[in-house]
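Open the viewer and keep the selection panel at hand.

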Number of protein chains: 2
Amino acid sequence: MDESEKSPVRAKRADAQRNEKALLDAAAAVFVSSGVDAPVREIAAQAGVGMGTIYRHFPMRADLIVAVYRHQVDACAEAGPGLLAESASPYEALGRWVDLFVDFLVTKHGLAVALGSNQASFATLHDYFIDRLVPVCKQMLEAAVVAGEIRRDVGAYELMRGIGNLCIFADKDSRYDARRLVGLLVSGLRV
Amino acid sequence: MDESEKSPVRAKRADAQRNEKALLDAAAAVFVSSGVDAPVREIAAQAGVGMGTIYRHFPMRADLIVAVYRHQVDACAEAGPGLLAESASPYEALGRWVDLFVDFLVTKHGLAVALGSNQASFATLHDYFIDRLVPVCKQMLEAAVVAGEIRRDVGAYELMRGIGNLCIFADKDSRYDARRLVGLLVSGLRV
DNA sequence: ATGAAAGTGGAGCATTGCTCCGAATCAAAT
DNA sequence: ATTTGATTCGGAGCAATGCTCCACTTTCAT
């Protein structure tokens, strides 16, 4: 996967590359302060570009969100096999992996909502999370089933959606602890 | 609590009463077809009144939502003690009561989101649900704890919020079954 | 019947998502 | 260095929506 030389198409213009970088940085900053549902204008202003430029580089809001969080999602996905290998049991590995995911989600204001929403503008985001994380989750789930630790009738997709949902608005209410409830949900998996 | 005769203040004008009724009916209909987050203009149009009239009767969106669903929430709250009395165990009663709540929530498009959101405009809604349902839930939870059926470290408020969250977007994705996941969450309560 | 109080309607402002196209910029060719 | 065609940019402008404000209308006690 070499990004630097694509023979068929001409490389992107220098200013376009600069702007894309600026946009990514700006979005990351704004997402932290105002959540992933911050106004497009705010991100554009922070990056010092016009709105047209945002839509040119990231046609849908989800494209920008994915670009900003891709690394962290990948890291979470890649942590799965390691946990499975080094944990005392598949169930324990699953629990630790889920904690990773929850910690990621609850610190990204508004991300869990966007994830659950089936709006067309968020399709890319939804799909990226699903494509990347569901297979890992599925693997851990199956290992735990084989080990006889959990029930076999819960799918990885459904579990991930449930965890995502439990993280919605978790940052807005001090009386609500998403980690604790996700823990409850996961212990509900036990045979 | 007699609504029909309030001595000190003059009774509401006849046209105002008519409009309030029309608004309630219109809102109920629109909530079914377009969800509780339907545009205010749509509800006004359906009721055949101006927008000013909506805001006069129901200053915040939550007021209208509460007015529409008050009966059903009350019914759910009142079903609690009966279930506790007639079920084989407190835990079973809790499970059945939670099913009632979930069935109510998943059929009201967008309600679960509004419930979880801590926006000021939804404060009344949030508070009404909490005031009405948390005490009932707490009672069942405590009974189940006393019976030694569930762990004692989960609060009623947190559980209700978790259930509400699991119902978010439940109507938008056929691969996701809120009832099943709530069931999982509740079985996670077991000691 | 009448006038004050209560209620109404919808124009209008603010916010936000998104499109569109003339202007600005870039890079290849000369 | 200049030209020139392609690429990219910027932000005005449109549409949707929440909410306010107040001149006008309706009701009702007198």
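**Stop 1: the surface near the DNA**

The residues of the surface near DNA strand D divide into nine nonpolar, five polar and twelve charged. Here Ala, Val, Leu, Ile, Met, Phe, Trp, Tyr, Cys and Pro count as nonpolar, Asp, Glu, Lys and Arg as charged, and the others, Gly among them, as polar. A residue is near a strand if one of its heavy atoms lies within 4 Å of it.

Before going on, note that this is a predicted model: local features need pLDDT of at least 70, side-chain atom pairs count only at pLDDT 80 or more, and totals for chains, interfaces and linings use all residues. Residues are numbered from 1 along each chain as its sequence is written, chains are lettered from A and ligands numbered from 1 in the order in which they are written, and side-chain values use heavy atoms, with hydrogens and water left out.

Now select DNA strand D. It is surrounded by 26 residues, and among the closest are Arg13(A), Arg13(B) and Met51(B). Of its atoms within 4 Å of the protein, sugar and phosphate account for 62%.

Colour H3(A) next. This helix gives the largest share of the surface near DNA strand D, five residues. Helices are DSSP runs (H or I, at least four residues), numbered from the N terminus.

**Stop 2**

- Select Thr53(A): a polar side-chain atom lies 2.9 Å from a phosphate oxygen of DNA strand D.
- Select Val40(B): a polar backbone atom is 2.8 Å from a phosphate oxygen of DNA strand D.
- Select Arg41(B): a polar side-chain atom lies 2.9 Å from a base nitrogen of DNA strand D.

**Stop 3: where the chains meet**

Show chains A and B. How many residues of each chain are in contact? The count is 29 residues of chain A with 29 of chain B. Contact means heavy atoms within 4.5 Å.

Four salt bridges are counted between chain A and chain B. Zoom in on one, between the side chains of Arg161(A) and Asp173(B), at 2.8 Å, N to O. A salt bridge is a side-chain nitrogen of Lys or Arg within 4 Å of a carboxyl oxygen of Asp or Glu.

**Stop 4: Arg161(B)**

Select Arg161(B), in helix H8 (residues 156-166) of chain B. Is this residue buried or exposed? Arg161(B) counts as buried because its relative accessibility is 5%. Buried means under 20% relative accessible area (1.4 Å probe, protein chains only).

Show its contacts, leaving out residues up to four places away in sequence: they include Phe169(A), Asp173(A) and His126(B).

Notes
Helices (H or I, at least four residues) and strands (E, at least two) are DSSP runs, numbered from the N terminus. Buried means under 20% relative accessible area, exposed over 50%, partly exposed in between (1.4 Å probe, protein chains only). A polar contact is a pair of N or O atoms within 3.5 Å; within protein, one must be able to donate a hydrogen and the other to accept it, and residues adjacent in sequence count only if both atoms are side-chain atoms.
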